[in-house]
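I am opening my notebook for a slow walk through one protein chain. Come along and keep the picture at hand while you read.

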Amino acid sequence: MDDHLPAGPPLTLTLDETTRTLCASLAHDTRFPRIDALWLRDRLGDAGYADVKIRPQAIKELIARYNAGESVPPLDIADCLDASLQITTTIDGLCARLTIVPAKGGKAATKTELLALLAAKGIVEGVRVDEINRAIAAGKADELVIAVGREPVPGEDGRLEYLLPDMRERVPSIRPCGRTDFRDLGEILVVATGDALMRRHPPTSGEDGLSVFGKPIAPKPGKDTRFASGLRGVSLSAQDPDLLVAACDGQPVRVRGGIIVEPIYTVDAVNMATGNINFDGTVKVRNDVQAGMSIRASGDIEVGGVVEPATLEAGGNIIVRGGVMGGIGGKTAGKDLSAHAIRCEGSFSATYAQQARITAGDSIFIDDLAMQCQLQAANHVRIGNLRRGHIIGGKTHACLSIHARVIGAPNRIRTELEIGSDTELARAVQEKAQERDGKENRLLEIGKLLTVADRNPGRVTPDMLARAEQAAAALSAEIEALRGEEDDLRFRLELAQQARVNAEQAIHEGVSVSMGDNTLRIPQERGPTTVRLSEQGLAVFPLEDDSHFDTPKRPGAETGRRR
C-alpha cells in the first residue's frame, strides 16, 4: 500500500500573460472521487495564486464536473488584477483623497505610478509625502487625505469704533433677570464742535487661499458697515470721510449706527420766572422744579434738586438727584395737580418718590422709598440701593421684574404689583415684522432693476443705476436694523415668562401680584420672598438667588438709546 498519496488529483494551472486569466484543468483520479472548494483554495495558495480574483461560477462548475466523475478540460477560474489607484478632490479644491484597491494576484501599486497620477491631475500644492509612503507600503487606502490646500481667510466685517472712552451709559447697568449694578450716574458728558466721536473701519477683503491645484481661491469679503442716515448734530470730517465729528456743542448719545449730539440747555431752577421749558436736546436743572411747571426735552432731563408736582417728558433718560413729589390723590393751593406725570423713553432715577406717576420706556430706579406711586416700566423697577428700599401702596408694573427690600406695610396698605409682558410688546413685534417685509419687497424690486442693468449694459442710465445701488444699500442697512430690533423684542417676550417679584426682607399682607390672568394676594406677612409663575400659576417661593438667570448682552445690541 502506498503511504505517500498525493494531496489530490493532478491540478494544472496556467496563467495567460496577455489576458491575465488563470486557467485550470483537472484529470479525474479514482483515488480521489470528490474534491471541494477548500481543497481547491489550498492548491491555488500552494501555487502562489492565493490572492487572485476567483470566478465563483467557474469554480462551482469545475468541482461539479470532477465530482461527477469527469476530467475537467482547461477552464478559466480566476483573474489576476493589478492594484488600482483613484484620486478624488473636493469641490472647493482644498483636499485630495486617495483610494488604493489592493492587487488580486497582480502587481501592487507603486509610488511612481501614484506620483504620475498626481501630476496628471495637476495636484501640486500641500502634498503629504509621508501619507503617500504609508499607503504604498500598506498596499491599500480608503479615502486617505494626501494633499491639502490653504483655506482662504474671510474678510473682517466693517465696524464702528467709539472714540469717547469716558462715554458711558447714563442709567444703571441691568441684567434681564432683574439684578442691577447701581453706580454713580455722573455728570452729562459734553463735546465741543469738531471733536472726534466715532470712526468707521471699512471691511477687509481677506486673504486668498490656494487649492491643491495651485490655483488661488478668492476669500469671502467682510460686510460693509456705514453710519446711519439722519444723525443729528454730527457730520463727516472734511479730511476723513470715515470720521464722525461733532457739528455743535452738546451731549453725545449712542444710537444704532452712530452717535448724535444733542444741545444742552442749563438753568438754575424751573419756576414761574423761567416758565415752562420745551427744548430739542438735553435739559439740565441745577436745583428744583416748582409745582405746576413742565419740562419737555427730546434728550435727557437732569434735575439737581427736588421735583414738585410737575410734568417732565424726555426722549432719553430722567435723572433726579433729589426726590419727586407728585399730586396723586391731593390738591395744592386749590389747584389739581394729579394730572402731572413723569415720562421718559429711557430710564428714570431718583432718591425717593411720593404720590408720583412715573412711566419709563426702560427701567425705574428709586434709591429710598416709593410711596403711593403709579410706576410703570417696560423692563424693571428697582427700589432700594443703600437706603430703605420700600414700596408702600400704589400700583407698580414692570414687564421683567420688580425688586425691593420691603413691599407693603404692616398696616396692610393696598399695594398692587403687575409683572409680565403686555399687548404693546407683542404689537411692536408684529409692526416691526410688517415694516421689514415692506422694505424687503422694495429691495427685491430694486434687485430686479440691477439684474436687468447687469445683463443688458446700456439699457439703464448710469444715473439711474447709481441711485438704485444707493437705495439698495440704504434699504439693506435698514432691514438689518429692523431685524435686530425685532429679535430684541422677541427676546424680551421670552424673558417676560420669567418675570418675578423679589422682596429682599419682607412682603406684607395687603400686597397683590398679577401676571396676565393670574392674581395672587399675599395672605400674611412673609420674610424674604420671590413671587413668580409656576405650573399652577403665580406662587410664593423663598427668596431665590437669581444669578443663574443672568443673560449676557445680546451680540450686536446697542448700549445707548435708539432714536
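Below are my entries, from the whole chain down to single residues.

**Entry 1: ground rules**

This is a predicted model, in which local features need pLDDT of at least 70 and side-chain atom pairs count only at pLDDT 80 or more, while totals for chains, interfaces and linings use all residues. Residues are numbered from 1 along each chain as its sequence is written, and side-chain values use heavy atoms, with hydrogens and water left out.

**Entry 2: the whole chain**

I looked up the helices and strands, which are DSSP runs numbered from the N terminus (helices: H or I, at least four residues; strands: E, at least two). The chain has six helices and 44 strands.

Next I asked what share of the 563 residues is buried. The result is 41%, where buried means under 20% relative accessible area, exposed means over 50%, and partly exposed lies in between (1.4 Å probe, protein chains only).

**Entry 3: two cores**

In soluble globular proteins, nonpolar side chains tend to be buried together. I therefore looked for nonpolar cores, meaning sets of buried Ala, Val, Leu, Ile, Met, Phe, Trp, Tyr and Cys residues joined through side-chain atoms within 4.5 Å.

The largest core has 52 residues, and V289, L312 and F348 have the most contacts inside it. I followed L312: leaving out residues up to four places away in sequence, its contacts include V289, I295, I301, V303 and A341. There is also a second, separate core of 20 residues, with L40, V52, Y66 and A78 among them.

Strands of a sheet pair through backbone hydrogen bonds, either parallel or antiparallel. My rule for a pair is that DSSP finds at least two bridges between the strands.

I zoomed in on one end. Strand β41 (residues 511-515) runs antiparallel to β42, and four bridges join them. In this pair, S512 stands opposite R521.

**Entry 4: another set of strands**

Strand β8 (residues 159-162) pairs with β11 (residues 196-201) in the antiparallel sense over four bridges, with R159 opposite H201. Strand β11 is also joined to β15 (residues 243-246), again antiparallel, by three bridges. There, R199 faces L243 as its opposite residue.

**Entry 5: helix α4**

I picked α4 (residues 129-138) and found I132, A135 and I136 buried. Seen down the helix axis, these buried residues fall within an arc of 100° (taken from the directions from the axis to the C-beta atoms), so they line one face of α4. The face turned away carries the exposed residues D130, R134, A137 and A138.

What covers the buried residues? The cover includes β6 (95-101), α3 (111-121) and β7 (141-148). Just after α4, G139 takes a positive phi of about 80°.

**Entry 6: two buried residues**

G222 sits in the loop between β13 (216-217) and β14 (234-236). Is G222 buried or exposed? It counts as buried, at 15% relative accessibility. Beyond its neighbours within four places in sequence, G222 is in contact with G155, E156, D157, P203 and T204. The C-alpha atoms of G222 and P154 are separated by 6.8 Å, although the two residues are 68 residues apart along the chain.

S25 belongs to strand β2 (residues 21-26) and is buried, with a relative accessible area of 18%. Setting aside neighbours within four places, its contacts are P10, L11, T12, V72, P73 and P74.

**Entry 7: two positive phi values**

Q355 is not a glycine, yet its phi is positive, near 55°. This residue lies in the loop between β30 (352-354) and β31 (357-360), and it counts as partly exposed at 29% relative accessibility.

R412, also not a glycine, has a positive phi of about 60°. Its loop runs between β38 (401-407) and β39 (415-419), and R412 is exposed, with a relative accessible area of 54%.

Conventions. Contact means heavy atoms within 4.5 Å.
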